[in-house]
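Here is a brief report on a predicted model. Please read it alongside the sequence and structure.

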Amino acid sequence: MVDPAIRTEGLSKYYGSVRALSDLSLEIPQGEVFGFLGPNGAGKTTTIRLLLGLIRPSAGMAEIFGLDCQKRAVDVHKRITYVPGEAGLWPSLTGEETLHLLGRVHGKIDENYRNQLVKRFDLDVTRKIRTYSRGNRQKVILISALMSRPDVMILDEPTSGLDPIMEHEFRDCVDEARERGQTIFLSSHILSEVEALCDRVGILREGRLIEIGTLEHMRHFSALQLEISFAGEVPDLSSAPGVSVVKSGGQNVSLQLSGPVKPLLEVLSRYEVNRLTSREPSLEELFLSLYGEGGQSDETGAGADG
Amino acid sequence: MKLVLVQMAEDLNVGEASRVSKDWLVARRTIRSVLPSGVLWGVVFGVFVASSAFSYSSVYKTQAERASLASAFGANVSTSALFGPGLKLDTVAGYTAFHIWLTTAIIGAVWGITASTKALRGEEDSGRWELMLTGRTTQMRATFQALSGLLGGVFAAWLLTAAITAGSGRAQQFGVALRPALFFALALVATALMFMAVGALTSQLGATRRQAATYAGWVLGASYALRMIADSGTGVHWLVWVSPLGWVEELKPLTYSDALPLVAIFLFTLAVGSAAVVLAGNRDVGAALIQDRPHARARLRLLGGHFGLAIRLVRPVLVNWGIAVAITGFLLGYISYAAGETLSRSSMYSIYSRLGASGTGIEVFLGVSFLVAAVVLTFVAIGQLTATRAEEAEGRLDQLFSRPVGRTWWLFGRLSIAVVVLVFFGVLSGVTAWLGVAVGTTKVSFVSLLEAGLNIVPPSIFILGAATLAMGVWPRATATVGYSLLSWSLLIEFIGGIGAMNKWLFDTSLFHQMAAAPSVPPNLTSDLWMTAIGIAAAALGLVAFARRDLQGR
């Protein structure tokens, strides 16, 4: 039986009485691109730092390719690379020196691919790190992670600071990695990025995993978005079974519908409907429906580091 | 970091009602940051004054003893070059001023440089300065405010030094009135004032805080060298007037109290501080007047792993320290003949012998000189550990530890480099002291000076180990633990050198555990104990570091 790329069981982290992550159990098969979502302070970065062995769990375990992330950290790190949202690099080194160092420390790099990446991300590697913009520093980290062609890439807000062209380049690189069978664990606030790249998505709230599955799966169990245009009288649909978040303007009404459609259709059949369109929710709408319109969760008890 | 930025953002986005107070936000932030160290040094300087005065009066009870000390020590040119001229050494006040002025002047200058480069270039390095400038201020105004805040820190230090000096001056055996006490305290904090301005200026010149501090350090070094040459009896005493340390010396507090050099001190501070403000207003945020080369040819030789990286990172700092150690060693060796000859006839001999030195005057002088070198070496040890901790605090370790790099090996590598450097510097101080001695006289053998050089290593290994343990268990206290041990040992040596002290208390000083070689043979038992405890503490620190969470600032 093939080990999953990433597996956690009951993984928890507390800072005193503050709960940063609670009882996280998930399994990510090899070759999957997994999106990890949650508002600030939900515990995403805590999870990533636990997977990297940078912090110790209060309870539970985490494995990468069947290797314990704490006890076998060095062996685990031979098979992974990590991209933080904002990397600490050595200001006195140049881009080339940094890439050389990180490649040698990792132990395996594809030199040709590295040179290709430097061109694709349009990075001047002769400059010292201290003279780079934030976006260019992020490119250094991205290239250093991609050039090793690791089995698993752990990405925490990887495109922060990148311009849209570079973001697009990054997506292409992730697609190529997926084609090569690499596993990607992507934590991001850019929901369109997650929607475009990820096979499955996990959503954290207050340190707990509240939703996991494919986008299709999530959409299936979530509310349908309906836009209805009436020719005559506009009814009050807020009390109709399964209907929520009703907004009306003139002859038009938009609403969310959970559960079977039939009861609403029975109500609508009594009125003159010009047009009725339905669509599945976007990831952003799914996300907002889980956290409320403001996209904010009650952060009580959750970690402060994302 | 996030919390600081949020707090700053809140502070900056306030309503018009509080406009006046918020216009001084930078000054208030700076004073909040510098006040604790200002209070600390104020108290330490005050304690130095009081302990020195009371110890002197308890050891030198009779006028004859005091006159003997004054005649022997006050006329010693070599000692005058090293520590400044001794005036009215037959009085408690005169001796106290002589005994502590240079120590406090150098501590004050280092504090001034550290505080101002942190408040200016350090804030710029971190990006907080830029955020601050998005508020209702300009680069010029913000720099002015930061300097004003720093001034608040110096004022606090002056106030506390003055209060303790005036309080202790009321005692009959010290007998210093309020006005001389205030003047003396001003002399003690004057270098802090001047070098805060220097640090502010070099913060405009250097592209990083380290560069800014290095430039300011050169100014301090030049200032010390000029004063030393001026006091060396070579007919160039006028040089004292081109050195900030020389101006402080010329204040002659508690003896002849000359206020004229205050004009130079204030003019210098005003001119340098104003230059810093003007230059700040005429450059881009993040830019420097001495431009760092943005491009560089890749030098990959050492970048094959974390160990080579560590060598590459510490190399520039260590080269500077190495030069300082070599020059100091040579100079001490060079003047040892003259200093030692005078010393053997002076009552300072008894003070030095209380610090554990014995033998000929030259040997005793060299023994005490190596004690000073041991203090310098502990600074190197603490500096190495704080740089190591900074790698973690600034998030750079995340990049290494998410790759196949073991934590224990990484820290072990850094400690190994530190130990090799400490041993090398010990040997360097011995060899350069011998070179200095050889130029003048050959009365001290190469082997005994080499032994003396190696003898200064164990206290720094002890402190390195203790700070490593702190880094493993309580990382944010790494520097505090190192500097506390150093300060405590210094304070004990300082007081113990003057007067009788409880043996057990004296033994708590690391420097007292170290034999004053080459005047006496190195105490191998003591050296081994200090080294063994240091290594054991470092080993515990390594284990703790490998088991704990990585922690930012």
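## Interface, sheet and helix pair

In this predicted model, 41 residues of chain A are in contact with 38 residues of chain B. The area buried between the two chains is about 3300 Å². Carbon and sulfur atoms give 56% of that area. On the chain A side, Leu54(A), Trp90(A) and Val105(A) lose the most area to chain B. Together they account for 19% of what that side buries.

Next, the sheet in chain A. Four strands form an open sheet, ordered E2-E1-E4-E5, and their pairing is antiparallel. E2 and E5 of chain A stand at the edges. Each has a single partner strand, so one side of each is left without a neighbour in the sheet. E1(A) pairs with E2(A) in the antiparallel sense over seven bridges. In one of these strands, E2(A), Leu26(A) is the bridge partner of Thr8(A).

| Strand | Residues |
|---|---|
| E1 (chain A) | 6-15 |
| E2 (chain A) | 18-28 |
| E5 (chain A) | 67-68 |

Now a helix pair in chain B. The axes of H17(B), residues 407-440, and H19(B), residues 457-473, come within 10 Å. They cross at roughly 160 degrees. That angle is over 145 degrees, so H17(B) is roughly antiparallel to H19(B). The crossing is right-handed. H17(B) contributes residues including Trp410(B), Leu415(B), Leu422(B) and Gly426(B) to the contact. H19(B) contributes, among others, Ile461(B), Leu464(B) and Met471(B). The residues of this contact divide into 11 nonpolar, three polar and no charged.

Terms used: Residues numbered from 1 in each chain as written. Chains lettered and ligands numbered in written order. Predicted model: local features only at pLDDT ≥ 70, side-chain atom pairs only at ≥ 80, totals over all residues. Heavy atoms only, no water. Axes fitted to C-alpha atoms, helices over the stretch in contact; angles between N-to-C directions. Helix = DSSP H or I, 4+ residues; strand = E, 2+ residues; numbered from the N terminus. Parallel < 35°, antiparallel > 145°, perpendicular 65-115°, else oblique. Left-handed = near helix turned anticlockwise from the far one by under 90°. Contact = heavy atoms within 4.5 Å. Nonpolar A, V, L, I, M, F, W, Y, C, P; charged D, E, K, R; others polar. Pairing = 2+ DSSP bridges. Buried area = accessible area lost by both parts, 1.4 Å probe.
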